[in-house]
Amino acid sequence: MSFLFGNRSSKTFKPKKNIPEGSHQYELLKHAEATLGSGNLRAAVMLPEGEDLNGWIAVNTVDFFNQINMLYGTITEFCTEVKCSVMSAGPRYEYHWADGTNIKKPIKCSAPKYIDYLMTWVQDQLDDETLFPSKIGVPFPKNFMSVAKTILKRLFRVYAHIYHQHFDAVIQLQEEAHLNTSFKHFIFFVQEFNLIDRRELAPLQDLIEKLGSKDR
């Protein structure tokens, strides 16, 4: 499935679902899906015995990108240049875009534009074989963990924007349970491996605590 974000963008996002069948990464993805099916999200995020941490983080990062891509794709008609003229997560948190290469100095932009930049940037990282090798035996680069952390930190901002600015639309579309499960899985995963700084999670801290307390 691919989404055209509004009609503003000529770029269609094609979620990177193409983890090749028969590959080790595909087996890891199947393992993740099976443990998720058990309903125990804390157990589902744990590193499977004998597995490489980088490989596990890579497979899950691709999966979260796909999930967020689909969730945001359902609410693009509500997230417009007019309604969301800045990329925010409530009144206290505003995000400016920079990718360090094309845009070095952070720019203030609308939420749809920011998310367009963000998803395109993430997709470029996931498609880069030197960062996310898909072939067995090809090692992950030394900077893999810092790249993965940046990707996950930025993907969190899309969840934060949806929760703060578009939760009424999510309820209207009856997607609340789907969003909550996806976000809970994401948060348990980043907590398990300490992948996002606590201060970055501040816009949704109350929700994170609520989700965590339900699971204890």
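Reader: Which residues does His166 touch, not counting residues up to four places away in sequence?

Author: Contact means heavy atoms within 4.5 Å. By that rule, and leaving out residues up to four places away in sequence, His166 touches Ile75, Phe78, Cys79, Cys84 and His161. This is a predicted model: local features need pLDDT of at least 70, side-chain atom pairs count only at pLDDT 80 or more, and totals for chains, interfaces and linings use all residues. Residues are numbered from 1 along each chain as its sequence is written, and side-chain values use heavy atoms, with hydrogens and water left out.

Reader: Is His166 buried or exposed?

Author: Buried means under 20% relative accessible area, exposed over 50%, partly exposed in between (1.4 Å probe, protein chains only). His166 is buried, at 3%. Cys79 is buried too, at 0%.

Reader: Where do Cys79 and His166 sit?

Author: Helices here are DSSP runs (H or I, at least four residues), numbered from the N terminus. Cys79 lies in the loop between helix H3 (53-73) and H4. His166 lies in the loop between H5 and helix H6 (167-172).

Reader: Which residues does the UniProt annotation "binding site" cover?

Author: UniProt annotations may be inferred rather than shown by experiment; positions follow the numbering used here, and feature names are shortened. In this unreviewed entry, "binding site" covers Cys79, Cys84, His161 and His166. They span 88 residues in sequence, yet no two of their C-alpha atoms are more than 9.9 Å apart, so they gather at one spot.

Reader: Now the helices. At what angle do H4 and H5 cross?

Author: Two packed helices are described by the angle between their axes and the distance between the axes. Axes are lines fitted to C-alpha atoms, for helices over the stretch in contact; angles run from 0 to 180 degrees between N-to-C directions. The axes of H4 (residues 111-127) and H5 (residues 144-165) cross at roughly 150° and come within 11 Å. H4 and H5 are therefore roughly antiparallel (angle over 145 degrees).

Reader: Which residues make the contact?

Author: Among them are Tyr114, Leu118 and Trp121 of H4, and Ile151, Leu155 and His161 of H5. The contact of H4 with H5 divides into 12 nonpolar (Ala, Val, Leu, Ile, Met, Phe, Trp, Tyr, Cys, Pro), 2 charged (Asp, Glu, Lys, Arg) and 3 polar (the others, Gly among them) residues.

Reader: How far apart are the axes of H5 and H7?

Author: They are 12 Å apart, and H5 packs on H7 (residues 176-192) at about 150°. The contact includes Phe156 and Tyr159 of H5, and Phe183 and Phe186 of H7. By class, the contact of H5 with H7 has 11 nonpolar, 2 polar and no charged residues.

Definitions and conventions:
Helices (H or I, at least four residues) and strands (E, at least two) are DSSP runs, numbered from the N terminus. Angles under 35 degrees count as roughly parallel, over 145 as roughly antiparallel, 65 to 115 as roughly perpendicular and the rest as oblique.
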